[in-house]
Amino acid sequence: MSISMLLATVSTSCTVTSAICMAAGWVAIKKKKVDVHKRLMWLSVFFAFLFFVLYMSRTVLIGNTAFGGPESLKTAYNVFLAVHILLTVLSPVLVITTMTFAYRKRFDRHKRLGRRAAVIWFVTAITGVMVYLLLFVIFPPGPTTNHFQ
């Protein structure tokens with residue numbers, strides 16, 4: 001296994017762990033377990049941040065891996081990737097705003113935005129795992145290029 005694939009696997013595992021923590025936190029708040037909810041949501045943010053650090057490290061130090069699947073699927077893959085990237089950019093903004101509402105004890109807004117933020121984060125996590133599978137598991141990895149070196 002290449003270092004690029006290893007880092008991609010570990011960072012994707014962080015995404016999955018983050019989504020699991022968020023789902024468990026959602027269940028906890030439904031059961032009125034506020035302290036458990038808070039801890040799980042912080043864990044979710046921690047693993048999402050760890051993903052980001054690993055992803056950026058891999059991107060800067062090694063580069064990005066291109067889609068290695070059939071040419072006939074490249075356009076569909078690129079559209080799918082663009083949607084994933086858009087959601088990935090939107091998610092931290094929603095999460096930080098949701099956490100700010102909680103910190104300021106604006107739980108009405110926290111709850112309303114939190115539901116939407118969680119759904120968007122789940123979709124982001126699922127599409128991220130799918131990108132990983134398409135790049136490293138289902139098809140052979142394409143070339144890795146580094147624009148920073």
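Trainee: How many helices and strands make up the secondary structure of the protein chain?
Mentor: In this predicted model, the elements of the protein chain run α-α-β-α-α-β from the N terminus on. Counted by kind, the secondary structure comes to four helices and two strands.

Trainee: Which element of the protein chain has the lowest mean pLDDT?
Mentor: For the protein chain as a whole the mean pLDDT is 95, and 99% of its residues reach 70 or more. Among the elements, helix α3 (residues 74-103) has the highest mean, at 97, while the lowest, at 90, belongs to strand β2 (residues 144-145).

Trainee: What share of the residues in the protein chain is buried?
Mentor: The C-alpha trace of the protein chain spans about 50 × 30 × 25 Å along its principal axes. A residue counts as buried when its relative accessible area is under 20%, and of the 149 residues in the protein chain the buried ones make up 34%.

Trainee: Which helix gives the most residues to the positive patch on the surface?
Mentor: The patch of positive charge gathers K30, K32, R109, K111, R112, R115 and R116. One of these, K32, has its place in the loop between α1 (3-30) and α2 (34-61). The element that gives the most, with five residues, spans residues 107-138 and is helix α4.

Trainee: Is K32 buried or exposed?
Mentor: K32 lies in the loop between α1 and α2, and it has a positive phi of about 65° although it is not a glycine. A relative accessible area over 50% counts as exposed, and because K32 has a value of 69%, K32 is exposed.

Trainee: Which residue forms a salt bridge with E71?
Mentor: A search of the whole structure finds two salt bridges. E71 counts as exposed at 61% relative accessibility, whereas K74 is partly exposed, with a relative accessible area of 29%. The side chains of these two residues meet in a salt bridge at 3.4 Å, N to O, so the partner of E71 is K74.

Trainee: How far apart are the closest N and O atoms in the salt bridge between D108 and R106?
Mentor: D108 is partly exposed, with a relative accessible area of 43%, and R106 is partly exposed as well, with 35%. A salt bridge needs a side-chain nitrogen of Lys or Arg within 4 Å of a carboxyl oxygen of Asp or Glu. In the bridge between D108 and R106, the closest N and O atoms are apart by 3.5 Å.

Trainee: What distance separates the C-alpha atoms of N78 and F67?
Mentor: N78 has its place in helix α3, and N78 is partly exposed, with a relative accessible area of 45%. N78 and F67 are 11 residues apart along the chain, and their C-alpha atoms are separated by 8.6 Å.

Definitions and conventions. Residues are numbered from 1 along each chain as its sequence is written. This is a predicted model: local features need pLDDT of at least 70, side-chain atom pairs count only at pLDDT 80 or more; totals for chains, interfaces and linings use all residues. Side-chain values use heavy atoms; hydrogens and water are left out. Patches are made of residues with over 30% relative accessible area and no salt bridge: like charges are joined within 9 Å, nonpolar side chains (Val, Leu, Ile, Met, Phe, Trp, Tyr) within 5 Å. Accessible areas come from the Shrake-Rupley method with a 1.4 Å probe; for residues, only the protein chains shown count as cover. Lys and Arg count as positive and Asp and Glu as negative; His and the chain ends are not counted. The place of a charge is taken as NZ of Lys, CZ of Arg, CG of Asp or CD of Glu. Buried means under 20% relative accessible area, exposed over 50%, partly exposed in between (1.4 Å probe, protein chains only). pLDDT is the predictor's confidence in each residue, from 0 to 100.
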